[in-house]
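Student: Can you walk me through this one? I'd like to go piece by piece.

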Amino acid sequence: ADVVVFAAASMKNALDDFAARWQAETGDKVTVSYAGSGKLAQQILQGAPADVYVSANVGWMDEVEKAGLIARDGRKDILGNSLVLIAHGATTEPVDIHSGFDLADRLGDHKLAMALVNSVPAGKYGKAALTSLGIWGAVEPKVAQADNVRAALALVSTGEAPYGIVYSTDAEADKGVSVAGTFPADSHPPIIYPAALLKDAADPADRAFYDALSSDMAAKVFKTYGFTVLPRGE
Amino acid sequence: MTLQVAFRHRFAGFDLDVAFEAPPGLTALFGRSGSGKTTIVNAVAGLLRPDSGRIAADGAELFDSDSGTFLRPNLRRIGYVFQDARLFPHFTVRQNLLYGRWFAPKNETGAELEQVVDLLGLGTLLNRRPGALSGGEKQRVALGRAILSKPRLLLMDEPLAALDESRKAEILPYLERLRDEIGLPILYVSHSASEIARLATTVVLVDHGRVLRAGPAEEVLSDPEAAPGFGLREAGAILTVSVDGHEADGLTRLASEGGPLWLPRIAAAPGTVLRVRVLAQDVMLALERPQGVSALNILPTEVSEVHHGHGPGALVQLTMGKSHLLARVTRRSAEALALAPGRRVYAVLKAVSVASVSIGAESPGGT
Amino acid sequence: MTLQVAFRHRFAGFDLDVAFEAPPGLTALFGRSGSGKTTIVNAVAGLLRPDSGRIAADGAELFDSDSGTFLRPNLRRIGYVFQDARLFPHFTVRQNLLYGRWFAPKNETGAELEQVVDLLGLGTLLNRRPGALSGGEKQRVALGRAILSKPRLLLMDEPLAALDESRKAEILPYLERLRDEIGLPILYVSHSASEIARLATTVVLVDHGRVLRAGPAEEVLSDPEAAPGFGLREAGAILTVSVDGHEADGLTRLASEGGPLWLPRIAAAPGTVLRVRVLAQDVMLALERPQGVSALNILPTEVSEVHHGHGPGALVQLTMGKSHLLARVTRRSAEALALAPGRRVYAVLKAVSVASVSIGAESPGGT
Amino acid sequence: MTGWLSPSDWEAVRLSLRVAFWATAVSLPLGIFTAYALARWEFWGKQLVNGIVHLPLILPPVVTGYLLLLTFGRRGPVGHLLEQWFGLVFAFRWTGAALATGIMAFPLMVRAIRLAVEAVDPRLEQAAGTLGAGRLWIFVTVTLPLILPGILVGAVLAFARAMGEFGATITFVSNIPGQTQTLPSAIYTVLQVPGGEGEAMRLVIISVVVAMTALVLSEWLGRALARRIAGA
Amino acid sequence: MTGWLSPSDWEAVRLSLRVAFWATAVSLPLGIFTAYALARWEFWGKQLVNGIVHLPLILPPVVTGYLLLLTFGRRGPVGHLLEQWFGLVFAFRWTGAALATGIMAFPLMVRAIRLAVEAVDPRLEQAAGTLGAGRLWIFVTVTLPLILPGILVGAVLAFARAMGEFGATITFVSNIPGQTQTLPSAIYTVLQVPGGEGEAMRLVIISVVVAMTALVLSEWLGRALARRIAGA
Ligand SMILES: Nc1ncnc2c1ncn2[C@@H]1O[C@H](COP(=O)(O)OP(=O)(O)OP(=O)(O)O)[C@@H](O)[C@H]1O
Ligand SMILES: Nc1ncnc2c1ncn2[C@@H]1O[C@H](COP(=O)(O)OP(=O)(O)OP(=O)(O)O)[C@@H](O)[C@H]1O
Ligand code: MOO
Ligand SMILES: [Mg+2]
Ligand SMILES: [Mg+2]
């Protein structure tokens, strides 16, 4: 049996790792198609042969659910993430992130790299955080929006932009950047990765994989990549 | 096959309005550069759709503006030797030559590749591509290509202009054979009056987009009025003669209405009827039969017309039986010899003056 | 300017190895189709870099394989009238004509646009583009374009092949003027012996990529041995004569070594020295001075050579003073008149036989 | 070698080659036809056809991909019919990737061929007509051989574009390893991973090597064609 | 109209036009030169140049964008020098978008022009040489006018591609409304939002209208050129 998973591109490292372990355990095969959450949702809406969908935001999952494509009892929030301010360079002085902090001044003439603030989840969360901290108005003109988090990361990593806002999971591995601070969890809506078992998934392995996403083994793997694991049954 | 052509066409700055009929045989279109010859030929081939008019072959319409008929070129089966050779650059000479074969009816006979290749001297060029040919070589391949497509009518737009005299002398008899043996009707554009005189059974004189004169070659060419159209140097008459015998010293004896004529050997069996063109400027007139001269041919004739032009010369039409000769003399001589209709004179003609180019087999289409 | 040409070049299947010198005046390249004429001209123009050899103008090297010299075409200032017209399709006729002007030295004089346009009859075509021209019209524009570029040497590859006789008759005197008045040296390819006879001061006979014969036009053309190269019909000698006077009935009296000659009016002042070409086939021989004949020109001469070919004819060289005439007669007449070196005969020549095409102004480069 | 790239990377290379090959091969006849029609015929709606052909060039690839998804998807009007009638499914198959890249490359192909058609001297086609060739034969024996260099260029452009196309492909057929994950998608995927640049670079190199090989081959073929016509 | 599209959308339209125009205009001379050199000269490394020209076609746009970032970014070797010497900055500027789209469109432009150069009869250039024109003048007076249709096609392809390019642009200069947010970036942005299809469609229509206008204009110009040469 072959489980086809559509997953947000930012999960690649963690999900690949988990899928490999699960395959070894069960002998079933997992194939993951990584792309932007929105793109994947649109494809599922058009009948894509996906069995499991893991989105990086709730909005697109709602669309899929509205279309009635989710199997009964087949949606759950599995992971959470946090938002960090990163700076160029392997080390940096920590920045105290609080209401009205001096991000705009720190940027000076330079840019703040983010994912698209109106469409890509990481960008939207970042915008919400800056807004609730009361500095969006000052920072907005200095924001350079990339089409995904990784591209934003690259802008900081190459030094094109001194600062950027990305998920903590992204900041982990890149040697060119360092975390300057973490946004308070209450400064933005909770970052939630919902997973769904889709209606067309007929194979028992599909549900087994979906279930395994909230197993202990999964929790262990995802944690090593910087995700927070949401309590089961939420 | 008789071709009927009557159409009008306007280009910006040039207006063509022609009507003529081309009976079986070879019809020559003659006229100055830019007079409209290529345009006429294009219309017959179907490459140009005239503004109005009608073009028909043996009554079958190729084009008719009234009924809206326009037969596409490939359905006309008209071979065309273009003024610019238009060879296919991606094919070898052999492939160019055989191109028309693919589309010609398989059961009809026509010229054979080998024969055409030999005649046109293309043997060593068969595997080359047109890019590696000289100007004259290209023209020869174009000629062969058209002939080998087994056309029912052949259009030739100055096919020999790029060729030397000796090559022309080889090709002309072949064109005569096409005309006579295969009976292929030909529409032929040329600036060379001697080519036309040799080949044409019908001549159409074109000038500024109009037909000046059209008719059987003998008539048009022997007409002192039409002569200036060809250039005075090319004025001449056509004599119909028959081969009488071949003599030991290489001369051929011909019977004409004015008596025997000797010309350098002609490869034709006794009894064959031939057309011989005698240029007006090659005919000398004498009041008495000259003695001790190198000219072999001395014919008693009677002056039937004296045509004075603007220059210092005069064109004299001579009659022997029902045949005519033209002689071009100076006005001074005309007066000295008191040339006038009715006067009896001897026409003196050197055997070598009659160029072999002007000896043609009598065409079945001739008068 | 003297042009020295000596080079070898190999194409697959064709090997060219030529050497000749073109003194000032007009040098004609004459040879069969595919003999290598265009290749020679291309090498002189710099469009072909020969495998080896040397080409120099007045000692200045244009190409030398030893020293590795190869002057680019635009630095050679050699005008070239191509066998295919090669007009610029995106320019009008006027722009084509004036193209070379942009690059020609401004201070040098040369032909004027108006003059060339008139001569070539291009007046109504100036604003057209080449796509809308007839074959002959294209060729005329190409001719004008080359002339107007003020070249120091002019190459012409069959420039008149696509033109009718009357147009040729208009252009030839102009080419003579270029040759004589402007002193423009010309390398001229043609299949027409009469064109060559009229224009050439030097003739180079090319055959299968080799130079068969090269020398002053009078010599090469009057040489009975070389005659077959031109086609027997075109054999003839060149007489140098001077204008004596113009007579009331439109004839011009010329003084030759054999006595007076009368030809139809020639537009040249008394005293002008001219070259007159008399075709061998236009000369009749008589043992006694004929009476009562239309021929005006009867010259006493002496046979200097009788050349028998393979055919039924013979070429007779006649001497009058230091000049020569050629006469073509049948073998039968040669025997009947007992023609042999030393025999005195009258050469009879019709005034109208000397085509105006064969009358040329004596070139300064001529012998 | 297997250590150098992961098996799924090799899968992507194989798939990309297959996709690019078929995208080029299948669209070529249509491209030639379209180019010829646009160059030589006058017909109603010609500008419309011309516009539609260029559309994939003008639209952002995601939009083209999205439109393909809407049209050729399982639930799309065309995709639905094709599946019912011919059992032909494009959505989320390698055939869909071929369709997407073929469509993205189509304007390039058509433009190159059209330029070549326009450079053919119509007088040669006329000459073929007088020798008895009908329109189709004229095309096959004269026009087609003379535009071969243009067809070659068109095919190479299409192949290269098909090798590099990403936006429309991932939007239309997603990024399923072994089925729709082409080289560019694979590159995109590994670029999503921090530290994936090394693997991305290896994939890029393969992509470049493949396309360069095609390019050099085409140059060489083009020269051979040109030499043939020049008449050596 | 202003109600139909948001001001920032209009901003994107204006910016896209500016970017596409300059990308085309600036790359055109270089494109002509490159095409001519590739068609007519033999030089060492020709295949390399040819390969580099085609690279943006072969590589996934994100990769091209990333490489541009590494090279022309503020800290990139070239970007650094350009800023120091000429004060020329590409990063996060519309000029960077023009550079990215220009590079993406370059292979299309060069290929079209090269095909046109190869179709020019060298015998006409020879004729110009015998009339005294040196190489440059031959090019300007003969070759250039004869390849104008090809240049036109090259320019239109480049313009259309520049209007549609997304991947390389957003990766290199990101998406700053009013500065680097071109139409495709704007479309992409709204397409990522659930329910954004309506606004996306409006932007797509604008994009199509602009490019079609350019296309129709170019067709019309091309015809005029062809007619002129045909000699009417
Ligand atoms: N590129 C080439 N490759 C091989 N052979 C060639 C090439 N170009 C010319 N030739 C051959 O060289 C010979 C001489 O050609 P050239 O064009 O000089 O002849 P030409 O004397 O000008 O003939 P024409 O009077 O027919 O124009 C011909 O036999 C021709 O086939
Ligand atoms: N497309 C065109 N537009 C305008 N005029 C044209 C066009 N084609 C030909 N002409 C003119 O029509 C006239 C006749 O041309 P055509 O080619 O029939 O002449 P031709 O008799 O064949 O001359 P040549 O002996 O020089 O080849 C010429 O004056 C030419 O300039
Ligand atoms: O221009 Mo793209 O962005 O092929 O994906
Ligand atoms: Mg003509
Ligand atoms: Mg030649």
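Tutor: In chain B, strand β17 (residues 297-308) and strand β18 (residues 313-320) pair in the antiparallel sense over 6 bridges. Two strands pair if DSSP finds at least two bridges between them. Strands are DSSP runs of E with at least two residues, and helices are runs of H or I with at least four, numbered from the N terminus.

Student: Before we go on, what kind of model is this?

Tutor: It is a predicted model, where local features need pLDDT of at least 70, side-chain atom pairs count only at pLDDT 80 or more, and totals for chains, interfaces and linings use all residues. Residues are numbered from 1 along each chain as its sequence is written, chains are lettered from A and ligands numbered from 1 in the order in which they are written, and side-chain values use heavy atoms, with hydrogens and water left out.

Student: Back to β18(B). Which residue there does B:E302 stand opposite?

Tutor: B:T319.

Student: What sheet do β17 and β18 of chain B belong to?

Tutor: An open one of 5 strands, with antiparallel pairing. The order is β16-β20-β17-β18-β19 in chain B. Its edge strands are β16 (283-286) and β19 (323-330), and each pairs on one side only. From one strand to the next, the twist averages 45°. Angles run from 0 to 180 degrees between N-to-C directions, with axes fitted as lines to C-alpha atoms, for helices over the stretch in contact.

Student: What about chain A, which strands make its open sheet?

Tutor: There are 6 strands, in the order β2-β1-β3-β10-β4-β11, and the pairing is mixed. The edges are β2 (29-35) and β11 (228-229) of chain A. Strand β1 (residues 2-8) of chain A runs parallel to β2(A), and 7 bridges join them. A:F6 stands opposite A:S33 in β2(A).

Student: Which helix lies across those strands?

Tutor: Helix α2 (residues 37-45) of chain A. It lies across β1, β2, β3 (52-54) and β10 (192-198) of chain A, at about 135° to β1(A).

Student: New topic. Which residues have the most contacts inside the largest nonpolar core?

Tutor: A:L85 and A:L112, in a core of 156 residues. A nonpolar core is a set of buried Ala, Val, Leu, Ile, Met, Phe, Trp, Tyr and Cys residues joined through side-chain atoms within 4.5 Å. Buried means under 20% relative accessible area, exposed over 50%, and partly exposed in between (1.4 Å probe, protein chains only). Helix α7 (residues 149-157) of chain A gives the most to this core, with 7 residues.

Student: What does A:L112 touch?

Tutor: Leaving aside neighbours within four places in sequence, its contacts include A:L85, A:L103, A:V143 and A:I165. Contact means heavy atoms within 4.5 Å. A second, separate core of 61 residues includes C:V5, C:A22, C:L155 and E:I147.

Student: Now the metals. What coordinates the magnesium ion called ligand 5?

Tutor: C:T38 (OG1) and C:Q83 (OE1), at 1.8 to 2.3 Å. C:T38 lies in helix α1 (residues 37-45) of chain C and C:Q83 in the loop between β7 (78-81) and α3 (93-98), so the pair ties together parts 45 residues apart in sequence. Donors are N, O and S atoms within 2.8 Å of the metal (3.2 Å for Na, K and Ca); water is not among the atoms, so sites may look incomplete.

Student: Last topic, the chains. Which two share the most contacts?

Tutor: Chains B and C, of the 6 pairs of chains in contact. No contact joins chain A and chain B, whose closest C-alpha atoms lie 50 Å apart. Chain A and chain C do not touch either, with nearest C-alpha atoms 49 Å apart.

Student: What rotation superposes chain B on chain C?

Tutor: One of 180°, with 0.0 Å of shift along its axis (RMSD 0.1 Å). Copies are superposed by least squares on the C-alpha atoms of residues with pLDDT of at least 70 in both. In chain B, B:A161 comes closest to the rotation axis, at 2.9 Å (C-alpha).
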